[in-house]
Amino acid sequence: RRKLIHNKLMELQGNIRVMARARPILAVEQQAGADADVTSFPSPEDILITRDDSTKSRFEFDRAFQQNSTQTEVFEAVQPLVTSFLDGYNVCIFAYGQTGSGKTYTMEGPPEDRGVNMRALQEIFNVQAERTSDVEYKFKISMMEIYNEQVRDLLETDADRERPGEPRRLDIRQTAKGNVVPGLTAMEVDDMGSIESLMARGAQNRAVGGHNMNERSSRSHSIVRLLVLGKNLHTGEEMRAKLHLIDLAGSERVSKTDATGDRLKEAQNINRSLSALGDVIAALASRNKGHVPFRNSKLTFLLQDSLGGNSKVMMFVNISPAVYNVSETLCSLNFAARCRAVELGGASRNVSSGAGGAEAKEVKARGAGASARRSASKR
C-alpha cells in the first residue's frame with residue numbers, strides 16, 4: 001500500500017518513471033572469466049547489486065525486469081503512455097545504459113520479437129481503430145540521429161541532399177511551439193506498413209560500428225518522433241501531441257572497448273553528451289531551481305521539450321548483470337535513481353476548443369486521473 005501511494009504521488013508530481021532491465025550474460029563476459037551474476041530482484045520494483053559480501057546496493061524503481069523478461073512484459077509497462085499520447089499528452093520514452101547493455105534490443109528489438117518502438121506504434125493504430133467513430137487522427141513521423149554532435153535526418157534521400165551520399169547538417173531551433181529541427185523530413189503515415197518501410201530506411205542510415213563490447217554498437221543517439229493531430233468528431237475539440245522514442249548511444253570505457261580512430265572520437269562525443277544529460281538531471285533535481293544547461297549538447301537541447309515539463313517521461317535503464325561490468329552497472333543505476341527523483345510537474349493535455357480556430361489551451365489533470373487508473377488496473 002505504501003508503494004501504491006508513493007507511485008500515485010510521483011505521478012501527480014510528474015516524476016520520471018524509471019524501468020530497470022537486466023540483459024542475459026554475454027560471451028565476452030564469460031571469456032573474461034567475470035560472468036558471476038551480481039543482480040537479484042527482491043520484489044518486482046527492487047534490484048539488489050552484490051559487489052562482494054560486504055558491498056550491496058539496493059535500488060527501487062517503478063519496475064525491475066529480470067534477465068528472462070520478455071518484450072511483451074516490458075511493453076505492458078509502456079502501454080498506458082501510448083493512450084496518454086492519443087489523449088493529447090506529450091510523451092518521451094528513452095533507454096539509457098552502458099554500451100552493449102540491451103538498449104537497442106529494448107527499444108527496437110529483432111524483426112521476430114519487436115521492442116518498444118514498433119509495439120507502441122502498433123498500439124497507436126489499434127487505439128485509433130477503436131476510436132474511429134469518435135476521433136479523427138493524422139500522424140507524421142520523423143527519424144533523426146545525433147552523431148558526433150551533428151543532427152542527421154535518417155529519412156532523407158539523396159534527392160534531399162546538396163551532395164549525394166553526404167548527409168545534411170541540421171540544427172535545433174527554439175520556437176514558441178517548442179524546439180524544432182528545420183528541414184527535418186516528416187512523412188504522413190496511416191498504417192503499420194508505411195511505418196515499417198520508413199523505420200527500415202532510418203535504421204539502414206543510422207551510424208553503427210563494432211568494438212570489444214558490442215559487434216554492432218550504436219554510435220549515435222537515435223530519435224523517432226511521431227506527431228499527432230486529432231479532432232473529436234462530436235465536440236470539435238482538437239488536440240496535438242508529440243511522442244519521442246529515443247535509443248541513446250551507450251556510455252563507454254575505452255579500456256574495455258579498445259576504441260581507436262573514428263570509434264574513439266565517437267565514444268568521446270557520446271560520453272560528453274551523456275555527461276551533459278547528467279548535468280541537466282542534476283539541475284532539475286536541485287531544490288534551488290536555477291539555470292538548467294539544456295544548450296550544453298544537441299541531445300539535451302532536443303530533449304528540452306520533454307525534460308522541461310509538460311511531458312510524461314519514462315526511462316529504461318539497461319544493465320549488464322555480470323560482475324565484469326559491475327562498476328558501469330552501479331553508475332547507470334545511480335543515474336536512474338537521480339532521474340526518478342526529478343519532479344517535472346504534472347503534464348497537461350494540448351487541446352483547443354476547435355471553434356473558429358480558437359487559441360490552444362492546456363487543460364491540466366483532467367484525464368490524468370483516468371490515465372493513472374488505467375495504469376494501475378494493468379499492474
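Predicted model: local features only at pLDDT ≥ 70, side-chain atom pairs only at ≥ 80, totals over all residues.
**Entry 1: Q174 and its partners**

I count two residues as being in contact when they have heavy atoms within 4.5 Å. Setting aside neighbours within four places in sequence, I found Q174 in contact with N179, R295, F301 and Q304. Another partner, R295, meets Q174 through the side chains, in a polar contact of 2.9 Å.

Where does Q174 lie? I found Q174 in strand 9, which covers residues 173–175.

**Entry 2: the whole chain**

Next I stepped back to see the chain as a whole. I noted 12 helices and 18 strands in its secondary structure. The chain has 379 residues, and 53% of them count as buried. I also looked at contacts with a separation of 6 or more: 71% of them join residues 24 or more positions apart.

Which residues touch the most other members of the largest nonpolar core? I wrote down I16, I47, L307, M315 and L333, out of 51 residues in that core. Then I checked which elements supply at least two residues each, and the list includes strand 1 (17–22), strand 3 (46–52), strand 16 (312–319) and helix 11 (326–340). Helix 8 gives the most to this core, with seven residues. I also came across a second, separate core of 43 residues, with V91, L121, F125 and I195 among them.

Leaving out neighbours within four places in sequence, its contacts include F41, P42, F59, F61, I319 and L333.

**Entry 3: the hairpin of strands 2 and 3**

Strand 2 (residues 39–43) and strand 3 run antiparallel and are joined by three bridges. The two strands form a hairpin, with two residues between them. In this pairing I saw S43 standing opposite D46 of strand 3.

**Entry 4: aromatic rings**

How many aromatic pairs are there? I counted four, taking rings as a pair when their centres lie within 6.5 Å. One of them is F59 with F61, a stacked pair at 6.2 Å centre to centre and 5° between the planes. Both F59 and F61 are buried. Another is Y137 with F139, also stacked, at 6.0 Å centre to centre and 25° between the planes. I checked the accessibility of these two as well: Y137 counts as buried because its relative accessibility is 8%, and F139 is buried with a relative accessible area of 4%. Together with F125, Y137 and F139 form one aromatic cluster.

I also looked at a ring with a charge over it. The charged end of K312 sits over the ring of Y89, at 4.3 Å from the ring centre.

**Entry 5: T300 in helix 9**

I turned to T300, which lies in helix 9. Why does T300 count as buried? Its relative accessibility is 1%, and buried means under 20%. I then listed its contacts beyond four places in sequence: A276, L277, V280, P293 and F294. For F294 I found a polar detail too, as its backbone oxygen lies 2.6 Å from a polar atom of the T300 side chain.

**Entry 6: two positive phi values**

Last, I checked backbone angles. Most residues other than glycine have a negative phi. I found N148 with a positive phi of about 50°, although it is not a glycine. E149 likewise has a positive phi, near 65°, and is a residue other than glycine.

Where is N148 found? N148 is in the loop between strand 7 and strand 8 (150–153), and E149 is in the loop between strand 7 and strand 8 as well. I looked up how accessible each one is. N148 is buried, with a relative accessible area of 15%, while E149 counts as partly exposed at 28% relative accessibility.

Notes
Residues numbered from 1 in each chain as written. Heavy atoms only, no water. Phe/Tyr/Trp six-rings, centres within 6.5 Å; stacked < 30°, edge-to-face > 60°. Buried < 20%, exposed > 50% of the residue type's maximum accessible area, 1.4 Å probe, protein only. Lys NZ or Arg CZ within 6 Å of the ring centre and 35° of its normal. Core = buried A, V, L, I, M, F, W, Y, C linked by side-chain atoms within 4.5 Å. Helix = DSSP H or I, 4+ residues; strand = E, 2+ residues; numbered from the N terminus. Polar contact = N/O pair within 3.5 Å; in protein donor to acceptor, adjacent residues only side chain to side chain. Pairing = 2+ DSSP bridges.
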